[in-house]
Protein chains: 2
Amino acid sequence: MTKSSLQIARAAYQPKLPKALKGAVVAKMGEATQSVADQEAIQKLFPNTYGMPLIQFVEGEAKEFAPMNVGVILSGGQAPGGHNVISGLFDGIKKLNPANKLYGFILGPGGLVDHNYKELTADIIDEYRNTGGFDIIGSGRTKLEKEDQFEKGYEILKELGIKALVIIGGDDSNTNACVLAEYYAAKNYGIQVIGCPKTIDGDLKNDMIETSFGFDTACKTYSEVIGNIERDCNSARKYWHFIKLMGRSASHIALECALQTQPNVCIISEEVEAKNMSLDDVVTYIAQVVADRAADGNNFGTVLIPEGLIEFIPAMKRLIAELNDFLAANGEEFNAIPANEQRAYIISKLSAENSAIYASLPEGVARQLSLDRDPHGNVQVSLIETEKLLSEMVGKKLAAWKKEGKYNGKFSAQHHFFGYEGRCAAPSNFDADYCYSLGYTASMLIANGKTGYMSSVRNTTAPAAEWIAGGVPITMMMNMERRHGEMKPVIQKALVKLDGAPFKAFAAQRAAWAKETAYVYPGPIQYFGPTEVCDEPTKTLQLEQAK
Amino acid sequence: MTKSSLQIARAAYQPKLPKALKGAVVAKMGEATQSVADQEAIQKLFPNTYGMPLIQFVEGEAKEFAPMNVGVILSGGQAPGGHNVISGLFDGIKKLNPANKLYGFILGPGGLVDHNYKELTADIIDEYRNTGGFDIIGSGRTKLEKEDQFEKGYEILKELGIKALVIIGGDDSNTNACVLAEYYAAKNYGIQVIGCPKTIDGDLKNDMIETSFGFDTACKTYSEVIGNIERDCNSARKYWHFIKLMGRSASHIALECALQTQPNVCIISEEVEAKNMSLDDVVTYIAQVVADRAADGNNFGTVLIPEGLIEFIPAMKRLIAELNDFLAANGEEFNAIPANEQRAYIISKLSAENSAIYASLPEGVARQLSLDRDPHGNVQVSLIETEKLLSEMVGKKLAAWKKEGKYNGKFSAQHHFFGYEGRCAAPSNFDADYCYSLGYTASMLIANGKTGYMSSVRNTTAPAAEWIAGGVPITMMMNMERRHGEMKPVIQKALVKLDGAPFKAFAAQRAAWAKETAYVYPGPIQYFGPTEVCDEPTKTLQLEQAK
């Protein structure tokens with residue numbers, strides 16, 4: 001296998017561990033816990049795994065452990081550092097007892113159900129240390145939520161003598177990990193289930209989970225290319241760059257990238273929703289920044305847009321809902337209408353409010369909303385090129401303002417979408433250390449017989465030696481939410497808090513960033529060199545943890 | 001000004017110089033030179049600057065130099081390292097005599113004509129050392145080719161007491177630098193003009209200019225994100241990523257990125273043209289790779305496409321030419337036709353060959369070809385989203401093959417275009433050193449009274465200390481070419497040579513890369529750390545210079 005010189009050099013990196021994990025450890029139990037809401041309902045659903053205490057690992061006496069086998073699953077979208085969770089887990093169980101074995105289930109939770117697995121030996125692990133991607137065993141999106149899946153899984157776990165399963169995933173996967181932990185506990189199958197917090201989106205966090213892994217590296221990679229584009233923008237001085245950033249359900253990535261690169265505009269979906277902004281409000285806001293900069297002779301700029309924006313605009317949500325209902329009921333009639341009359345037909349049929357919004361949309365987006373539907377007949381919002389939609393509407397508004405004499409500049413746009421560019425980057429030192437520590441901590445939770453816990457590493461803006469490792473009962477993070485029409489116990493998704501320090505820092509500076517050209521150029525992630533360059537945590541973490 | 005920690009740390013980097021430039025230098029003259037072709041015609045056009053000898057700088061005795069002022073211009077598209085050319089030039093002239101001054105003309109050659117300039121003092125230079133972008137003075141695309149521009153320039157040069165002008169640009173800008181050198185020499189204005197080889201496209205190179213600056217950093221930045229996408233591709237195992245790379249007139253960038261990342265497919269425009277391949281040939285080639293991988297159960301892959309591909313497909317060139325002519329003559333009639341009949345109308349009017357090709361194009365591209373025209377009525381080829389065009393046509397072909405039972409896989413595509421992401425990246429050590437050396441060398445050419453030379457630094461795969469610095473008469477690189485209907489003296493553009501070592505290395509491995517998943521992950525550019533990671537030249541240079 002050909003490797004780049006960086007791959008070869010980086011393989012030798014020894015991730016930093018919290019001091020408490022370096023030798024033998026003992027689990028210090030905290031108080032019993034409660035779920036964040038709906039305590040009674042959650043307790044009823046999780047009689048065996050509810051209310052367990054918080055755990056912190058501290059230095060302890062060396063102890064002997066009987067040999068055991070452990071399984072591991074990567075679930076959902078890729079995030080930098082997944083391989084380090086697995087190598088930390090591997091090193092942890094090998095330290096407990098060199099006879100311990102690690103099995104990886106192939107291509108996600110489906111591998112457990114379909115009995116598709118391989119043993120992860122030292123040779124294999126060494127190939128993947130400090131690398132990006134999930135390719136060591138692959139990932140998948142199968143949801144583990146049905147009893148027959150749990151039973152199929154149990155078959156193979158029993159066959160392989162697996163005592164504990166580690167599920168590396170986002171909020172849904174960790175919810176399901178807890179359901180599985182509860183099921184196996186209720187059945188007395190003797191199999192523990194431990195979760196690990198993964199997602200570049202950064203929306204799996206709370207008091208005990210400071211950040212999900214991958215967020216650091218992904219945001220730094222996006223910020224690198226955003227910074228490069230800003231520098232280009234500021235050199236050529238003739239384009240507005242509209243940059244969409246991955247992250248459907250929360251704007252943490254856009255916010256972090258804005259804090260790192262100081263663009264002229266960054267839209268935060270959560271704010272748009274809270275302020276009940278319309279699409280036209282968002283367009284007007286951007287157009288005003290463009291016009292103000294043009295008045296200073298600056299016909300260039302950079303705009304960051306979170307991928308999920310459309311679904312956070314209340315009026316767009318209502319339009320999409322009516323369109324879904326209308327086309328479900330009248331699909332046949334709609335399909336019989338000649339293509340060039342479909343737009344007028346829809347405008348004539350929708351309620352006044354939604355009809356006006358639909359009529360205001362650029363042709364391409366209107367067509368996408370009425371034609372590109374998923375197998376359930378729903379609009380595929382993810383296909384909407386929000387960056388182009390916004391730049392087109394901004395251009396239209398500026399043209400109108402020009403006629404009114406309110407704007408006198410040039411507006412030319414370039415478009416970018418960054419997502420796949422960062423999900424599999426080689427983990428930054430932070431993610432390499434954090435992931436390795438999460439995996440290592442998982443092995444200690446297993447050794448201590450725990451189930452239904454998420455591996456937790458805290459105090460992450462301090463040097464790694466001072467990080468605090470332990471476990472958090474997954475039920476502690478849960479509440480009841482309506483999903484597909486049913487009330488379900490789920491881990492609360494962490495959206496951007498408008499009263500949180502990161503958003504407040506952004507909001508305090510954005511007017512200056514809009515007007516001035518205050519770009520910051522983070523450059524590429526560095527793995528060697530000064531610690532202030534290589535080991536800096538995200539701005540989000542720094543602001544959240546600033547005392 | 002807020003700066004990232006990398007910006008701060010990187011500012012302290014001291015670029016490496018060739019050993020010969022470290023102390024006092026003397027110019028060693030080589031033999032008289034000839035232009036690469038059309039010697040008689042070029043000599044006639046450049047009586048004062050033709051046939052000059054090659055120059056190499058070697059260690060010499062310290063000498064005193066009278067104070068002088070120097071001007072500098074950034075011309076054309078951004079390339080990483082431009083600021084280091086300027087800081088090398090600055091340090092060079094200050095070493096000659098601390099009283100020397102450097103003036104920068106603002107926003108490209110237009111700054112010279114419009115007398116828009118600023119003095120570049122030590123404070124300003126220090127702010128920009130080792131940074132990406134051209135924002136120190138901005139760049140522009142005004143072409144210096146008319147006498148009145150030369151005279152307007154002379155006015156300000158005389159006023160500022162400028163003895164020499166350094167023009168940092170691509171092949172056209174350097175051609176114009178030579179025309180200007182010849183003009184000022186013929187007029188006895190006493191102003192020297194020196195060129196510096198810039199372009200990320202890599203198409204300004206020859207025996208004496210081993211590479212243009214910026215190519216190294218830009219290709220490494222693109223290869224970083226391509227490698228990340230490959231890793232994602234290989235983890236999720238469900239998408240084909242079609243990645244278009246900047247570079248209109250040559251495929252050096254695509255080729256270099258392919259050598260660095262080993263994708264499943266990379267199209268090289270020069271090969272497509274040489275083999276007289278049709279669009280359908282290109283589509284069939286990609287579809288066959290997709291089908292072969294699908295037969296192995298691999299429904300994923302990565303395809304690299306050079307931006308200029310369409311214009312290298314002989315049949316597409318003919319179609320575009322006929323379309324341009326036809327619509328120029330029949331524009332009014334065409335515009336009167338209802339939108340949904342325009343396609344059929346064009347199909348009915350073109351010659352049989354072109355009509356068939358037009359009919360085979362996806363709707364969106366066909367519309368772009370007939371509607372989106374520049375002010376001269378010509379098709380805007382650069383607006384064509386070649387990456388989407390190819391994936392759509394590949395998808396169609398695969399669907400046909402599926403019906404015929406020749407293909408049984410899943411095909412789902414993602415699209416990317418990388419250009420602005422790399423043009424302003426902070427220069428790699430190679431580009432930081434190379435650019436600084438080019439600028440420093442320019443100061444020595446000036447000190448030695450030279451004009452019509454390009455700054456040249458060779459032996460660039462050796463450590464920087466062993467690099468060979470000197471000057472090449474620009475006329476030596478010229479030939480006569482037809483441009484806009486007129487024969488003009490121009491620097492020969494270097495396209496990818498199909499018998500060159502880089503292409504041959506690629507061609508020898510691509511069948512294996514297509515079938516296997518042999519991805520290499522270069523990762524982000526490193527500025528600190530082991531030399532084999534930080535100082536590696538491009539694969540192109542390594543292969544070209546391998547003995």
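These are my notebook entries on a predicted model, taken in the order in which I looked things up.

**Entry 1, the two copies.** I began with the relation between the chains and found that chain A can be laid on chain B with an RMSD of 0.1 Å, by a turn of 180° and a shift of 0.0 Å along the axis. The two copies are thus related as by a two-fold rotation axis. I then looked up the contact surface: 100% of the interface residues of chain A are also interface residues in chain B, so the copies meet through the same surface.

**Entry 2, a sheet in chain A.** I next followed four strands of chain A, which form an open sheet in the order E9-E10-E8-E11, with parallel pairing. At the edges I noted strand E9 (265-266) and strand E11 (413-418) of chain A, each of which pairs on one side only. Strand E8 (residues 240-245) of chain A is joined to E11(A) by six bridges, and the two run parallel. As one point of reference in that pairing I wrote down A:His241, whose bridge partner in E11(A) is A:Gln414.

Two helices of chain A lie across these strands, and I recorded both. Helix H8 (residues 215-236) of chain A lies across E8, strand E10 (301-306) and E11 of chain A, and runs at about 170° to E8(A). Helix H9 (residues 252-261) of chain A lies across E8, E9 and E10 of chain A, running at about 155° to E10(A).

Over residues 69-323 of chain A I noted 49% helix and 16% strand, with the end C-alpha atoms 52 Å apart.

I located A:Gly77 in the loop between strand E3 (69-74) and helix H3 (82-96) of chain A. Is A:Gly77 buried or exposed? With a relative accessible area of 15%, A:Gly77 is buried, because the cut-off for buried is under 20%. Not counting residues up to four places away in sequence, A:Gly77 touches A:Phe134, A:Arg141, A:Lys198 and A:Arg423.

Last, I looked up A:Ser443, which lies in helix H19 (residues 429-447) of chain A and counts as buried, at 0% relative accessibility. Leaving aside its neighbours within four places in sequence, A:Ser443 is in contact with A:Leu89, A:Gly92, A:Ile93 and A:Leu96. I also took the separation of A:Ser443 from A:Ala250, and the two are 193 residues apart in sequence and 31 Å apart in space, C-alpha to C-alpha.

Definitions and conventions. Residues are numbered from 1 along each chain as its sequence is written. Chains are lettered from A and ligands numbered from 1 in the order in which they are written. This is a predicted model: local features need pLDDT of at least 70, side-chain atom pairs count only at pLDDT 80 or more; totals for chains, interfaces and linings use all residues. Side-chain values use heavy atoms; hydrogens and water are left out. Copies are superposed by least squares on the C-alpha atoms of residues with pLDDT of at least 70 in both. Contact means heavy atoms within 4.5 Å. Two strands pair if DSSP finds at least two bridges between them. Axes are lines fitted to C-alpha atoms, for helices over the stretch in contact, and angles run from 0 to 180 degrees between N-to-C directions. Buried means under 20% relative accessible area, exposed over 50%, partly exposed in between (1.4 Å probe, protein chains only).
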